[in-house]
Amino acid sequence: MEEFPAIEGTWLIESAELAGEIMPDSVAGKIAVELAAGSYTVRVGGEVSDRGIYELGVHPAAKAITLKGLVGTNAGRTMPALYQFGGDQLQICYGLDGVVPAAFATQPGAAHFLAHYRRKPSA
């Protein structure tokens with residue numbers, strides 16, 4: 001897919017919500033996601049918490065990304081998601097229950113995690 005190289009990099013969470021609850025900035029600011037050559041790594045406070053692989057695709061509602069956890073908190077879990085990407089902004093809505101979300105939104109009781117990322121500037 002043509003976007004694959006452009007989406008690669010380190011992404012910092014600007015804001016996020018899980019099941020309708022907004023993640024406190026003090027927590028969100030500690031999370032970084034690295035995407036590189038079909039692999040992802042999640043770091044919380046600089047420590048690796050999750051690592052796996054991802055594939056880009058399409059979904060009727062938007063572009064799709066599927067993450068498969070191999071090590072850490074999501075080991076053995078497949079998380080389909082919708083994403084929007086442009087420049088230094090990335091938005092992903094993850095289906096933590098294994099079902100791709102229908103929209104970029106969360107609500108109480110739904111196992112959806114919506115994150116707004118900004119690309120980490122290169123050093």
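Predicted model: local features only at pLDDT ≥ 70, side-chain atom pairs only at ≥ 80, totals over all residues.
Which residues make a nonpolar surface patch of about 260 Å²? The close-up views below begin with that patch.

**View 1. Ile53, Leu70 and Val71 make a nonpolar surface patch of about 260 Å².** Residues are numbered from 1 along each chain as its sequence is written, and side-chain values use heavy atoms, with hydrogens and water left out. A patch is made of residues with over 30% relative accessible area and no salt bridge; like charges are joined within 9 Å, and nonpolar side chains (Val, Leu, Ile, Met, Phe, Trp, Tyr) within 5 Å. Accessible areas come from the Shrake-Rupley method with a 1.4 Å probe, and for residues only the protein chains shown count as cover. Leu70 sits in strand E6 (residues 62-72); strands (E, at least two residues) are DSSP runs, numbered from the N terminus. With a relative accessible area of 54%, Leu70 is exposed (exposed means over 50%, buried under 20%, and partly exposed in between, with a 1.4 Å probe and protein chains only).

View 2. Thr106 is buried, at 14% relative accessible area.

**View 3. His112 is a buried residue of strand E9.** Its relative accessible area is 15%. Setting aside neighbours within four places in sequence, the residues in contact with His112 (heavy atoms within 4.5 Å) include Glu17, Cys93, Tyr94, Pro101 and Thr106.

**View 4. Val99 belongs to the loop between strand E8 (89-95) and strand E9 (112-119).** Val99 is partly exposed, at 49% relative accessibility. Ala81 is 18 residues from Val99 in sequence, and their C-alpha atoms are 8.1 Å apart in space.

**View 5. Trp11 and Phe85 form an edge-to-face pair.** Rings of Phe, Tyr and Trp (its six-membered ring) pair if their centres lie within 6.5 Å; planes under 30 degrees apart count as stacked, over 60 as edge-to-face and the rest as tilted. By this rule there are 2 aromatic pairs. In the pair shown here, the ring centres of Trp11 and Phe85 are 5.9 Å apart, with the planes at 80°. Trp11 comes from strand E1 (residues 9-18) and Phe85 from strand E7 (residues 78-86), 74 residues apart. Trp11 is buried at 1% relative accessible area, whereas Phe85 is partly exposed at 21%.

**View 6. Arg118 and Glu14 form a salt bridge.** The whole structure holds 2 salt bridges, each a side-chain nitrogen of Lys or Arg within 4 Å of a carboxyl oxygen of Asp or Glu. The closest N and O atoms of Arg118 and Glu14 are 3.4 Å apart. Arg118 lies in strand E9 and Glu14 in strand E1, so the bridge ties together parts 104 residues apart in sequence.

**View 7. Arg43 and Glu34 form a salt bridge.** Their closest N and O atoms are 2.7 Å apart. Arg43 is partly exposed at 26%, and Glu34 is partly exposed at 25%.

Notes: Helix = DSSP H or I, 4+ residues; strand = E, 2+ residues; numbered from the N terminus.
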